[in-house]
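Q: Hi! I'm new to this one, could you walk me through it?
A: Happy to, let's take a look together.

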Number of protein chains: 2
Amino acid sequence: MGKITIVLDAMGGDNAPHEICKGALDACGTYEDLELVLAGDEEKVRACIEPAASGVRNRISVVHASETIAMDEQPANAVRRKRNSSLRLAMEMVRSGEAQGCISAGNTGAIVAGGVLVVGRLKGIDRPALGVTLPTIERPTFLLDVGATVRCRAESLYQFARMGNVYSKKIMGIGQPAVALLANGTEEIKGDETVAEARELLSEASLNFKGYVEGDDIVWGRADVVVCDGFMGNVILKFGEGLMYGARSIIREEMGNRLLSKVGVLFMIPMIKSLWARFNYEKYGGTPLLGVRGAIFKAHGRSKAPAIFGALSTARNFIIKGGVDQIREELGE
Amino acid sequence: MGKITIVLDAMGGDNAPHEICKGALDACGTYEDLELVLAGDEEKVRACIEPAASGVRNRISVVHASETIAMDEQPANAVRRKRNSSLRLAMEMVRSGEAQGCISAGNTGAIVAGGVLVVGRLKGIDRPALGVTLPTIERPTFLLDVGATVRCRAESLYQFARMGNVYSKKIMGIGQPAVALLANGTEEIKGDETVAEARELLSEASLNFKGYVEGDDIVWGRADVVVCDGFMGNVILKFGEGLMYGARSIIREEMGNRLLSKVGVLFMIPMIKSLWARFNYEKYGGTPLLGVRGAIFKAHGRSKAPAIFGALSTARNFIIKGGVDQIREELGE
């Protein structure tokens, strides 16, 4: 196995560039085959990586970017116009083959637009999909699309299902992934026209297709791959995230003045640690943008170093296992 | 205030008829203006209400239904064909005016079909909506549609928003309810075509319209009324429910052999009780089917007596406040 080159958008996300650089250094320390490029404000980025050991630092290079794309910019316009932005430069390196993959914690729409406009779609793919690995009660579930393609035709859902199947099988190592469409009930009469049409297409495909699953089936891990459009996927993901943070905030509030409850928590520390280890989303790393000609990964906007490390681990694994070619073989030609 | 007559589908739901009847008796004991009709298998229903005190029992009558509609039956067909089903008979009583409202914990699709085909839509309403009151961190949020109308045009979303506004203001007593559309981001460029069109329609309506909210905004209670199509609403509701049950199951599993954690829980009982009181969905009762000519409420399929009691309280409140007429005034003619 040769070296693996991944470029990071060092300016994307709430904690850029410091935490992005820190995550990059950590990953270089762990994976000796990793060569990283940091695209961003050269002075700031160099200051971040300065303190690192030379054995790590000499596998990191910096590409200066004079612009950044903000979180609220109109994505396609920003990618087209800001040719010197850290995100655009990172995507260009994937297109030219200088890097095999790219990670950004920046503007999601801009990552998708960059993937389509700069890196380019795979043949046979109409629209790309962002997939996320959700820890569930049984085993991780791969949910896509979570925001690349807002609404889509049945053909796109069909392609998402097949890409998800490849990802689950080849990258996550699930034997015969159970693939399902997300709907408002499990019976055949459920779903809207688009989903029903995708169901028909998938019934004839050579994969372990399970029909429809409902919202709670995601939680119980009743399918390995769950497919929906990006509108639905985005709402679900944010709702789930909101519930997690909400639960934490409410428990803290209720705990407030209750000394006994605080004592109770002390007894529960081993359990809380175990729960955290099981559901810590950071270990699941970034979310791949599937259907484009490179290993493009989005990290959460709030990512700190461990999440960037996680995204780099996932992207490296995707590259080692030839993720793009796997999808091309399944759907491309 | 005169008497209020509500008919219950005594055969609908997982715990019918026993828990339905028990909830009915409890409600009659609490509300002296309540007269209830139980539609169902007469022998079974009578056996359930036999033990009650006569002061309660003499405000309960029984209508014999020789058929029931199963949870997995095709809704519209079942309602059309099973003329002697408990649900159909209950709906007929609302249509004829013998009852002002109806509650069922049965097949959701059949309740919606019964509302439309038997009870009838209000003028000016294209499609009905099921609304649910969600406990959130700030204050309850009213989410609609959660499953009556799978996909809908912008006009329907617009009507849902206006019905939700009336419900929040007149029934829940919120001053100037903040009304929002659920989307994949808060910026104006988000949403699909339908949602964007509904946004335009609502911008010109005379209500406190806040534009788009995201999935996590539901949790934080950032709007009093959140509007989406029934496909999305159904998936979200079930996903949220799944997460709650999932969390409980995981905590139990992790607690399993940990004696210390179990001791910890003892210290936390007052907190857990307070949390439960705050988020116990049973006190929020049934979900109204808005847009039809009667107070039609759906109770959860798993409802036990307290949930039926809650649904009866909510339906009674809706009737006392003239819910149907309020919506008619706002949207009718």
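A: One term before we start: a residue counts as buried if 20 or more other C-beta atoms lie within 10 Å of its own. Also, keep in mind that this is a predicted model.

Q: Thanks! Which residues of α5(A) are buried, then?
A: They are Ser86(A), Leu87(A), Arg88(A), Leu89(A), Ala90(A), Met91(A), Met93(A) and Val94(A). That makes eight of the eleven residues in this helix, which spans residues 86–96 of chain A, so α5(A) is mostly covered.

Q: And what follows α5(A)?
A: Gly97(A) does, and its phi is positive, near 90°.

Q: How many residues are in contact between the chains?
A: 47 residues of chain A are in contact with 47 of chain B. On the chain A side, α9 (215–219), α10 (230–255), α11 (259–267) and α12 (269–279) each supply at least two residues.

Q: Which of them gives the most?
A: α10(A), with 18 residues on the side that touches chain B.

Q: What kinds of residues make up that side of chain A?
A: There are 24 nonpolar, 13 polar and ten charged residues.

Q: Do the copies meet through the same surface or different ones?
A: The same surface, because 100% of the interface residues of chain A are also interface residues in chain B.

Note on methods: Residues numbered from 1 in each chain as written. Chains lettered and ligands numbered in written order. Predicted model: local features only at pLDDT ≥ 70, side-chain atom pairs only at ≥ 80, totals over all residues. Buried ≥ 20, exposed ≤ 12 C-beta atoms within 10 Å, placed from the backbone. Helix = DSSP H or I, 4+ residues; strand = E, 2+ residues; numbered from the N terminus. Contact = placed C-beta atoms within 7 Å. Nonpolar A, V, L, I, M, F, W, Y, C, P; charged D, E, K, R; others polar.
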